[in-house]
Amino acid sequence: MLGRISQIIDSSVVDGPGNRTAIFFQGCNFNCHYCHNPETISHGNPKQDMELSEVVERIKRNRPFIKGITVSGGECSLQYAFIEALFLETKKMGLSNYIDTNGSLAFWELPAIIELTDGFMLDVKATDAKSHMELTGEDNAVVLKNAEFLASIGKLHEVRTVVVKDELNNQKTVEEVGDLLQEHLDQPIRYKLIPFRPHGVRTAYGHWQSPDLEEMERLKDLALAKGFKEVIVTS
Ligand code: SF4
């Protein structure tokens, strides 16, 4: 079985809990204006294909040093059959499995993936449907349903929103994510707020501005007031 992979990072401490091997799949079904890795959006070419056994061997080599693996992208869930096969192998190694996703795939229709996954890190780029469409080129109905579904089964590890000055209604998104997850916030669901940075972004959107620290702190306070126990502002 082949997976189309853009990069493997053997040891990462920023892709889920603990030290993990992060596998970045090639290809994405969104086209976000602020994407920092626009080269991972295209569906790539056969030179990027790796056999499942090759990926498994690489993870085995890392096994003494890692707590688990995280699949990311691009949008990894587009290659869900490969992920299911990979997660079966990593579970046999006693590793935890995390998925970093844009939430566009109906996870409630994939019980095998749900069973094998310990936690999801889900982007909610905008709760407003029109803004989401403008930003990503896709609708957000499935994303929002995934947020609620994954929280309801106790597997939503983290929600992430990229904050852009003036271009997006960041306050509305943070408030509405809080409202959407309200009844699940007794769980340790983390909200990560990420300030937009122009580095790596396509030139057409390079003029977008980063929010200032005060704006990030204001949104953090808003998320805490909504009931999130842990809110992180990245640098
Ligand atoms: S979902 Fe992620 S990888 Fe896909 S276009 Fe958006 S930012 Fe880029």
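Which residue stands opposite Phe120 in β7? The numbered points below lead to that pairing and then to the surrounding features.

1. The structure under discussion is a predicted model. In answer to the opening question, the residue opposite Phe120 is Leu156, which belongs to β7. The pairing involves strand β6, residues 119-123, and β7, and it is parallel, with four bridges.

2. **The other neighbour of β7.** Strand β8, made up of residues 190-195, also pairs with β7 in the parallel sense, here over six bridges. Within this pairing, Val159 is placed opposite Tyr191 of β8.

3. **Burial of β7.** Eight of the eight residues of β7 are buried, so the strand is largely enclosed by the rest of the structure. For the protein as a whole, 51% of the 235 residues count as buried.

4. Asp166 is located in the loop between β7 (156-163) and α6 (170-180). Asp166 counts as exposed because its relative accessibility is 69%, and the cut-off for that class is over 50%. The backbone deserves attention as well: Asp166 has a positive phi of about 70°, although it is not a glycine. Most residues other than glycine have a negative phi.

5. **Overall composition and dimensions.** The protein contains seven helices and nine strands. Along the principal axes, its C-alpha atoms fill a box of roughly 45 × 40 × 30 Å. The radius of gyration is 17 Å, which agrees with the value near 18 Å that a compact globule of 235 residues would have.

6. **Antiparallel pairing of β1.** Strand β1, residues 2-12, is joined to two strands. With strand β2 (residues 20-25) it runs antiparallel, and five bridges join the two; in this pairing Gln7 stands opposite Phe24 in β2. With strand β3 (residues 49-51) β1 is again antiparallel, and three bridges join them. Here Arg4 is opposite Asp49 in β3.

7. Val55 is part of helix α1, which spans residues 52-62. Is Val55 buried or exposed? Val55 is buried because its relative accessible area is 0%, and the class requires a value under 20%. In sequence, Val55 and Leu86 are 31 residues apart, while their C-alpha atoms are 8.1 Å apart in space.

8. The peptide bond from Gly73 to Gly74 is cis, with omega near 15°. Most peptide bonds are trans. Gly74 lies in the loop between β4 (68-72) and α2 (80-92), and Gly74 is also one of the residues around the ligand.

9. **Points to inspect first.** A reader new to the structure may begin with β7, where Leu156 stands opposite Phe120 and Val159 opposite Tyr191. The cis bond from Gly73 to Gly74 and the positive phi of Asp166 are two backbone features to view next.

Terms used. Residues numbered from 1 in each chain as written. Predicted model: local features only at pLDDT ≥ 70, side-chain atom pairs only at ≥ 80, totals over all residues. Heavy atoms only, no water. Near = heavy atom within 4 Å. Pairing = 2+ DSSP bridges. Rg over C-alpha atoms; globule rule 2.2 N^0.38 Å. Buried < 20%, exposed > 50% of the residue type's maximum accessible area, 1.4 Å probe, protein only.
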